[in-house]
Amino acid sequence: MNPKLIRELQNLLGRDAVLSAREDLLLYEYDGSVESARPDCVVFPSSTRDVSEIMRLAKRFETPLVGRGAGTGLSGGALPRAGGIVAVFARMTRILEIDAESRRAVVQPGVVNLDITRAVEHLGLYFAPDPSSQKSCTIGGNVSENAGGPHTLAYGVTTNHVTGLEIVLPGDGRVVRIGGKAAEPLGYDLAGLMVGSEGTLAMVTEITVRLSRTPEAVKALLAVYDAVDDATESVVEITRRGITPAACEMLDGWTLRTVEDFVHAGFPRDCAAVLLLEVEGLSEAVAEQAAEISEVCRARGAREVRVARDAHERDLLWKGRKNAFGAIGRLSPSYYVLDGVIPRTRLPETLRRIEEIGRDSGFRIGNIFHAGDGNLHPLILFDPRHPGEFDRVVAAARAIIEHCIAMGGALTGEHGVGMEKNELMPLMFTPEDLALMGRVRAAFNPDGLLNPQKILPLGKGCGELRVLPQSAGSALPA
Amino acid sequence: MKQGLPSDTQIARLEQTLGATRTATDPTSLAAFEIDGMRPGAAVRPANADEVAEIVRLAAAERLAVIPCSGRSKLAIGGVPARYDVALDLSAMNRVVSYDPGDLTLSVEPGVRLEDLQRELGQHGQFLPLEVAFSERATVGGAIATNAYSPLRAHFGSARDFVLGMEFVTGLGEIAKSGGRVVKNVTGYDLHKLLIGSLGTLAVITGVHFRTFPRPAERRVFTAEFGAAGAALEFCRAVAASALEPSAIEMFDPGAADISGIGTESGGGARAWRVVIAAAGSAAVVERHARGLERMAGEAQAARFEAWAGADAAKLLRAIREFVRIAREHSAEATILRIALLPASAAALAERVAAISDAHNLDAALAIGAAGSAGTGYVALWPRMVKRAEASSAPTAGATTDDEMASLTAAIREVFECASSDAGPARGFVEWCPTALKRRISLWGEAREDFVLMQRVKRIFDPHGVLAPGRYCGGL
């Protein structure tokens, strides 16, 4: 990287806010995905003004720039695919305002997701989107990726909980406020466009989030099955009946045993699948819905439906769910978490298809996912040290994603497209759709310096910077 | 009458595209498509997205201004068109393309009437939380393009929360889409969100994918009556802060209650503020709301609290849904401001509206949706009937005098200022007003800092400015 640029960054931010030594940069070449890409320089802005100046420097030195929160993303969104500067928001972690009456909080992008809830729970409020990584992931990353989580089934994903943003535009570093605390946009819904744009349109420096009221009653249920089909059929029936649990998660037997060995949550080790369901709201509604869910699950073959007796039991069940990826990490040198969506009516056949793909490809595929909204997370275990194995993983992953699309589904439900699936976009979108998306990106990011080579397929003229990926790991998908 | 002027050759080309039977050019047919006194030179009725694309490509090549419509109940919303050559009537695109009740997802064309759609969903025990004004004419496309207010947003959110994706035709005549048909999806840019409320200025909506919702077993409506705005708002805040989950909570000032006929059924006070609350769910849940609301109404010292079911409940729900229509039927010159309110700004507004309207010799009605939390306020203002009757030379119906326009202009400014006094800048716009007034004021107020981004978006979707030019903020 141009030493002059590094000097300018140091002058701007101070020496302790700029990393450029190789051993420091290594820490930032990964996120939660199987990809990697090394930055040439890492900077830590402390203010909107810093971000704006960094943006201008990136333009002046024609250097790619990528934002990064906690690096827990699963599609390579925070990886500098074309090298350049990575701006880490670890110093912008202030909660600027809590407006309990309007149910809004104004926060900086580096605030950890769960810390928003911690700051407002004494007011009987919480922030609804709850990705599994919520103890470490940041709201800035959540906004970029439009993050979801188990409880988004009833409450919606990040975009449904963001009403305003302060953004910094690429190029001139102009700072613009869009939306605000109000419930509806005035003018085009730019915040709606910005959330989920994976850091390719602008950098977000302040976020106004909607806070939700803590429900009066919560009940967690665990339905245990001896056949996967019975579990998926239960989800179909629950959906069909119009019961809306706050969360409806499925874990297959293998995943469950792995989790149980790690977490000791009391999950049965001898079943084929479980559904972890939660109902929330008025106590009357919770009691009725829990009863109806139990009835459906039993009628569809659940051998047992447990109801968590207290908050401790409930927490334990969720601990199992939220620590699942860590548990699996103990078993396999590496794993690839997929993210796809199908209509919920197609759940049974899709799980059968995934099993078939696992069998044919010779990989163990675990399933732990948001069954209630049809958001699958097949988890393919592999060993990257075996030559050629990663390519076969990619092929298996592609077969699963193609099945999702054939069912009328989507490429990604919450992880984002990033550099993981940008070449798969034509499965869902026509060249005209993609060209329009490319033009929208170019309208905000005309030089293509902000988070290049993400979302849209490469090799198509979209005003994108063309720099070869720096690491072999970013070749996915081939 | 100002009329759009496609040339004979251009009209011939439109006819070539759709056939003469679906291309109207006679004055009688065209009169039905007038907007702000402007009449298009042709009205075309495409049957599918391909035909829409062909028309828009022609329009883009010939620089003809096209305005999409279908139910035509809300065409008065928006600025005076800068140009208006072709009405793009989507009412023939009225199919339910797919409906998967088991997945609670739905794909429809824009010309589907909402009432028809709700009936079909109802057969499967489902509904769409889009209960908008002009219900018997309103279509999906219009409700989305105007981001029409639905009282149910207190609980279900607005269109941006349950529209899953859209298909549309850009101002270049490209057929494109974003989002998808599944309930959870983050693939690609959410371009469709930009179209919600954009008044047809970015693209012509040709398909909308929704998530649907289970129809509640029971619905009951409650009314509480208060002597003053403060007490009514206090009650709304208490409800919002409670565990209850009403599907709608609307606060009406005496003027709004008067024109809507709310309160007449029980003969309540003429100057009373009224809160209308809808609760839905199982019998036990509705009963819980009944108990909780009655207790809170008592604590807030409501003069009256009543529960309604059946026809009375339906009438109340209709009154809150149809507020803008009722105001416009009450006075053809009603100027109606739509303001995104926070609880603090709602209080300021509720306190000041009567004084502002009095000072300018206007009558006013204020309705606040999702009252007690971040909601939507509607302020309707119209010239006082009494003053009119007394005037020696009564103006012809429908015309607004210069004096009245000056009063309305001043009142609009004051309403926006008072709403902004406590909770930051007021965010709102003049949703409905007489054409003459549109020519004098900026409906969206002063341009804000994000206008530059809105311009960029407009240039991407409609670089030749052929889609509803002049109808949106800042003349977009």
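Mentor: We start with the ground rules, then take the contacts and the domains.

Mentor: This is a predicted model, where local features need pLDDT of at least 70, side-chain atom pairs count only at pLDDT 80 or more, and totals for chains, interfaces and linings use all residues. Residues are numbered from 1 along each chain as its sequence is written, and chains are lettered from A and ligands numbered from 1 in the order in which they are written.

Trainee: Why are α10(A) and α11(B) called roughly antiparallel?

Mentor: Helix α10 (residues 283–299) of chain A and helix α11 (residues 283–299) of chain B pack at about 175°, with axes 8 Å apart. Angles run from 0 to 180 degrees between N-to-C directions, and axes are lines fitted to C-alpha atoms, for helices over the stretch in contact. Over 145 degrees counts as roughly antiparallel (under 35 is roughly parallel, 65 to 115 roughly perpendicular, the rest oblique). The pair is therefore roughly antiparallel.

Trainee: Which residues meet there?

Mentor: A:Glu284, A:Ala285 and A:Glu288 meet B:Ala284, B:Val285 and B:Arg288.

Trainee: What makes two residues count as in contact?

Mentor: Their C-beta atoms, placed from the backbone, lie within 7 Å. By that rule, 65 residues of chain A are in contact with 63 residues of chain B. The largest share of the chain A side, 7 residues, comes from α15(A).

Trainee: How is chain B divided into domains?

Mentor: Into domain 1 (2–91), domain 2 (93–214), domain 3 (218–321) and domain 4 (324–451). The bounds come from an automatic or database domain assignment. The C-alpha centres of domain 1 and domain 3 of chain B lie 44 Å apart.

Definitions and conventions
Helix = DSSP H or I, 4+ residues; strand = E, 2+ residues; numbered from the N terminus.
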